[in-house]
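Subject: Handover of a structure and findings

Dear colleague,

Please find below the sequence and structure that I am handing over to you. A summary of what was found follows directly after.

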Amino acid sequence: MSEELRKYLAVDLSYPGIEIGCEQSAIDVFVENIPEYVKFASSQYALRARRALDAEYDSYDPREYHQEIQSIEDRANKDLPQFYYRQACVMLWAHFEWSIKRLINYSRLKDKKLPPLGSREHELKAATFCKQVKKFFKKQLGEKEILSNGHWELLESFNVIRSSIAHSNGALEGLDNEKREKVIQAVAKIDGLEIVRDYLSLSQSCVDQWHEITSKGVKSFMNIYAKKYSGAEAFGDNET
């Protein structure tokens, strides 16, 4: 039996790294092309809206017509891009969280003594997902700090903003004072993110930062498991 075939037959099909790696590659391509998606969608919306407006040109006076033109441009250039930016950030967080959970579940298949993430019995209970993960890796796997404190702080801020987008599409209306303050504090830590008319307003630089930070998190945890169970890194240092 050739060495190559031996390695192929020895592949652990329960290891989620291959699936996670494929997802990460798809996400990388998607984020890279968001500017083109936004440009195309905005131009198409503006074109169709202008055609519809021009079809009713005689029903507007000149002032009203120009106001409508301005409204179309605002929706095309300001409002529509938010749809892509918000969905991208929610997707990036979902990939990060689900990837970490799959890797932890895999470690529990390998070591039956490991408790589930967030186990109160094993003092792994914590207020947030990130804090639960830090406790798991430190107490159960004996790993040192995998990511810097600044990296974890950004991830915590991302989760606050992700929650706001997922539950209210980024609207701050209706939030109690405590939740509003958490959102405001998170906004201050993230590039290209601001509050406009009581709504979260994202930008491409915001998406790029989310992509960089969540991807580094996924790849760092992937490397830990690859080293632990196969002795090799899943991603080189230049990719983390």
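In which hand does α3 pass α5, left-handed or right-handed? The crossing of α3 past α5 is left-handed. Please note that this is a predicted model.

**Helix packing**

The axes of α3 and helix α5 (residues 149–168) come within 10 Å and cross at roughly 125 degrees. This angle makes α3 oblique to α5. On the α3 side, the contact is made by Arg-86, Val-90, Trp-93 and Phe-96, and on the α5 side by Leu-155, Phe-158, Asn-159, Arg-162 and Ile-165. The residues of this contact between α3 and α5 comprise 6 nonpolar, 1 polar and 2 charged.

Helix α3 (residues 62–110) also packs with helix α2 (residues 17–55): their axes come within 9 Å and cross at roughly 165 degrees. The two helices, α2 and α3, are therefore roughly antiparallel, as the angle is over 145 degrees. The crossing of α2 and α3 is right-handed. In the contact of α2 with α3 there are 24 nonpolar, 4 polar and 7 charged residues.

**Salt bridges**

Side chains of opposite charge can pair when their charged atoms come close. Across the whole structure, a search finds 5 salt bridges.

Arg-102 counts as buried, with a relative accessibility of 9%, whereas Glu-19 counts as partly exposed at 45%. Glu-19 and Arg-102 are also linked with Glu-23 in a network of salt bridges.

Lys-101 forms a salt bridge with Glu-97, with 3.0 Å between the closest N and O atoms. Lys-101 and Glu-97 are 4 residues apart in helix α3, so about one helical turn separates them. Lys-101 has a relative accessibility of 29% and counts as partly exposed.

Finally, the side chains of Asp-198 and Arg-180 meet in a salt bridge, at 3.0 Å from N to O. Asp-198 lies in the loop between β1 (194–196) and β2 (199–201), and Arg-180 lies in helix α6 (residues 177–189), so the pair ties together parts that are 18 residues apart in sequence. Asp-198 counts as partly exposed at 31% relative accessibility, and Arg-180 counts as partly exposed at 25%.

With kind regards

Definitions and conventions. Residues are numbered from 1 along each chain as its sequence is written. This is a predicted model: local features need pLDDT of at least 70, side-chain atom pairs count only at pLDDT 80 or more; totals for chains, interfaces and linings use all residues. Side-chain values use heavy atoms; hydrogens and water are left out. Axes are lines fitted to C-alpha atoms, for helices over the stretch in contact, and angles run from 0 to 180 degrees between N-to-C directions. Angles under 35 degrees count as roughly parallel, over 145 as roughly antiparallel, 65 to 115 as roughly perpendicular and the rest as oblique. A crossing is left-handed if the near helix is turned anticlockwise from the far one by less than a right angle, and right-handed if clockwise. Ala, Val, Leu, Ile, Met, Phe, Trp, Tyr, Cys and Pro count as nonpolar, Asp, Glu, Lys and Arg as charged, and the others, Gly among them, as polar. Contact means heavy atoms within 4.5 Å. A salt bridge is a side-chain nitrogen of Lys or Arg within 4 Å of a carboxyl oxygen of Asp or Glu. Buried means under 20% relative accessible area, exposed over 50%, partly exposed in between (1.4 Å probe, protein chains only).
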